[in-house]
Amino acid sequence: MVPEGLAALVVDTNIVFSILQKEGITRKLFFFLGVEFYAPNFLMVEIIKYKEKIVSLSTMNESEFISVVYKVFNKINFVNETLISAENRKKAYEMCKDVDETDTPFVALALELNIPLWSGDKKLVKGLKIKEFNKVLTTSDIKNICGSFS
């Protein structure tokens, strides 16, 4: 299923955490939407860094976690941050510095590829919209674009 006008998305750490922690609408959308997913390489670092926390918040054991991570990572096109223009990295930093600087690579990649960012970080979404970056979507937004999806 490819929603009209939505061919690709940058996914942030918050979305991937949701996918890894539990079965739910975020995981369903991720695996059944027919769109291309992108993320900066930094996402892999974040998942490794918070692996113990993700496993403890889920019902998975470590082996199951590794299996789900493998499936998720296979659906994401990872992009080396050095391939993002300095201009877009700077713009992204300016948008993120007052909210959370660690989100800069995700916003920069969305700018670079000119595609929306899918984020579950309410503080980030609000901060970006205040700074008039409107190419950020929540899971609710994507669900609404898709219509009745459950």
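In strand E4 (residues 117-118), Leu 117 is the bridge partner of Val 10. Helices (H or I, at least four residues) and strands (E, at least two) are DSSP runs, numbered from the N terminus. This is a predicted model, where local features need pLDDT of at least 70 and side-chain atom pairs count only at pLDDT 80 or more, while totals for chains, interfaces and linings use all residues. Residues are numbered from 1 along each chain as its sequence is written, and side-chain values use heavy atoms, with hydrogens and water left out.

Back to Val 10: in strand E2, its bridge partner is Tyr 38. E1 and E4 pair in the parallel sense over two bridges, and E1 and E2 (residues 36-40) also pair in the parallel sense, over three bridges. Two strands count as paired if DSSP finds at least two bridges between them. Ala 8 has a bridge partner in E2 too, namely Glu 36.

So which residues of strand E1 (residues 8-11) are buried on its two sides? Ala 8 and Val 10 are buried on one side, and Leu 9 and Val 11 on the other, leaving both faces covered. Buried means under 20% relative accessible area, exposed means over 50%, and partly exposed is in between (1.4 Å probe, protein chains only). In a regular strand the side chains alternate between the two faces of the sheet.

## The whole sheet

Zoom out, and you find five strands forming an open sheet in the order E3-E2-E1-E4-E5, with parallel pairing. E3 and strand E5 (136-137) stand at the edges with a single partner strand each, so one side of each is left without a neighbour in the sheet. E2 and E3 pair in the parallel sense over four bridges, and one of the bridge pairs is Pro 40 with Val 79 in E3.

## Helix H5

Now for a helix. H5 (residues 62-74) has 13 residues and reaches 18 Å from its first C-alpha to its last. That is close to the 18 Å expected at 1.5 Å a residue, where the expected span is 1.5 Å times one less than the number of residues. At the N-terminal end, Asn 61 caps H5, with a side-chain oxygen 3.0 Å from the backbone nitrogen of Ser 63.

Which residues of H5 are buried? They are Phe 65, Val 68, Val 69 and Val 72. Seen down the axis of H5, its buried residues fall within an arc of 105°, so they line one face of the helix; the arc is that of the directions from the helix axis to the C-beta atoms. The face turned away from that buried side carries the exposed residues Ser 63, Tyr 70 and Asn 74. What the buried residues pack against includes helix H1 (13-21), helix H2 (25-32) and strand E3 (76-79). Contact here means heavy atoms within 4.5 Å.

Take Val 69 as an example: it sits in helix H5 and has a relative accessible area of 12%. Val 69 touches Leu 20 and Ile 47, not counting residues up to four places away in sequence. Val 69 and Val 16 are 53 residues apart in sequence and 9.0 Å apart in space, C-alpha to C-alpha.

## Helix H3

In H3 (42-49), the buried residues are Leu 43, Glu 46 and Ile 47. Seen down the axis of H3, they fall within an arc of 100°, so they line one face of the helix. Ile 48 and Lys 49 are exposed, on the face turned away from the buried side. The cover over the buried residues of H3 includes H1, E2, H5 and helix H7 (104-113).

## The core, and a buried serine

The largest nonpolar core has 48 residues, and Leu 20, Ile 47, Ile 76, Leu 117 and Trp 118 touch the most other members. A nonpolar core is a set of buried Ala, Val, Leu, Ile, Met, Phe, Trp, Tyr and Cys residues joined through side-chain atoms within 4.5 Å. In soluble globular proteins, nonpolar side chains tend to be buried together.

Is Ser 119 buried or exposed? At 0% relative accessibility, Ser 119 is buried; its place is in the loop between E4 and helix H8 (122-130). The side chain of Ser 119 makes a polar contact with the side chain of Asp 12 (2.5 Å). A polar contact is a pair of N or O atoms within 3.5 Å; within protein, one must be able to donate a hydrogen and the other to accept it, and residues adjacent in sequence count only if both atoms are side-chain atoms. A polar atom of the Ser 119 side chain also lies 3.0 Å from the backbone nitrogen of Asp 121.
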